[in-house]
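Let's take a friendly walk through a protein model. Keep the picture in view as you read, and look for each part as it comes up.

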Amino acid sequence: MAVNAFIKLVPSSVKQTITIEEVKDLFHYYKDITAKTGNQLNWQYGESAFPYEIKETNESKEKAFYLYSTHERYHVILIGIDKEMIKEEEGTEREQQYIQVTLPDQSTTGDKGKANEFCKFLAKKLQGELHLFNDRVMYYYPRK
């Protein structure tokens with residue numbers, strides 16, 4: 001059964017809205033900084049830290065993409081964006097955007113480890129609220 005994690009963009013996050021292209025840019029940034037770490041250590045860390053290729057289908061081009069790997073320990077992670085309506089304490093409603101990270105049935109334990117790592121990276125960069133695969137919540141935004 002597929003499992004999901006969510007990075008919710010709350011009012012105190014860096015951004016209130018995000019596009020799928022901006023999420024892809026964050027993954028390219030992640031790949032770039034891990035490759036630089038590998039260069040400093042004189043080790044091919046970039047390939048180990050991000051063993052995926054970013055791919056997308058024509059149907060979901062504006063809403064989702066997936067990370068596909070040919071490495072034996074990894075297979076696939078799905079990434080998408082969507083919105084939900086949140087009721088405020090005052091009784092008003094607001095729209096909240098989130099990034100959804102899905103591990104389909106064919107995902108491996110290696111995919112789950114990498115997905116957790118990517119979720120934490122995205123939540124920290126965006127100062128969002130991270131709902132992990134095990135239903136625990138991590139707060140990366142300044143709380144009052």
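## A hairpin to begin with

Start at the hairpin formed by strand 4 and strand 5: five residues lie between the two strands, and Gly91 among them has a positive phi near 95°. Helices (H or I, at least four residues) and strands (E, at least two) are DSSP runs, numbered from the N terminus. Strand 4 and strand 5 are joined by ten bridges and pair in the antiparallel sense; two strands pair if DSSP finds at least two bridges between them.

A word on what you are looking at: this is a predicted model, where local features need pLDDT of at least 70, side-chain atom pairs count only at pLDDT 80 or more, and totals for chains, interfaces and linings use all residues. Residues are numbered from 1 along each chain as its sequence is written, and side-chain values use heavy atoms, leaving out hydrogens and water.

In what order do the seven strands of the open sheet lie? The order is 2-3-4-5-1-6-7, with antiparallel pairing. Strand 2 (53–55) and strand 7 (137–139) are at the edges with a single partner strand each, so one side of each has no neighbour in the sheet. From one strand to the next, the twist averages 25°.

Now find strand 1. Six bridges tie strand 1 to strand 5, and the two run antiparallel; here Asn4 has Thr102 as its bridge partner in strand 5. Strand 1 is also joined to strand 6 (residues 129–131), by three bridges and again antiparallel, with Ile7 standing opposite Leu130 in strand 6.

## Helices against the sheet and each other

Helix 3 packs on the sheet and touches strand 1, strand 3, strand 4, strand 5, strand 6 and strand 7. The direction of helix 3 makes about 150° with that of strand 5. Axes are lines fitted to C-alpha atoms, for helices over the stretch in contact, and angles run from 0 to 180 degrees between N-to-C directions.

Helix 1 and helix 3 pack at about 110°, their axes 11 Å apart. The two helices are therefore roughly perpendicular (65 to 115 degrees). Residues of helix 1 that meet helix 3 include Phe27 and Tyr30, while Phe118 and Leu122 are among those that take part from helix 3.

## The nonpolar core

In soluble globular proteins, nonpolar side chains tend to be buried together. A nonpolar core is a set of buried Ala, Val, Leu, Ile, Met, Phe, Trp, Tyr and Cys residues joined through side-chain atoms within 4.5 Å. Which members of the largest core, with its 30 residues, touch the most other members? They are Phe27, Leu67, Ile77, Ile79 and Val101. Helix 3 gives the largest share of this core, seven residues.

Gln97 lies in strand 5 and is buried (under 20% relative accessible area), with a value of 8%. A polar atom of the Gln97 side chain lies 2.6 Å from the backbone nitrogen of Ile18.

Leu103 is also found in strand 5, and with a relative accessible area of 4% it is buried. Beyond its neighbours within four places in sequence, Leu103 is in contact (heavy atoms within 4.5 Å) with residues including Ala2, Val76, Ala115 and Phe133.

Methods
Buried < 20%, exposed > 50% of the residue type's maximum accessible area, 1.4 Å probe, protein only. Polar contact = N/O pair within 3.5 Å; in protein donor to acceptor, adjacent residues only side chain to side chain. Parallel < 35°, antiparallel > 145°, perpendicular 65-115°, else oblique.
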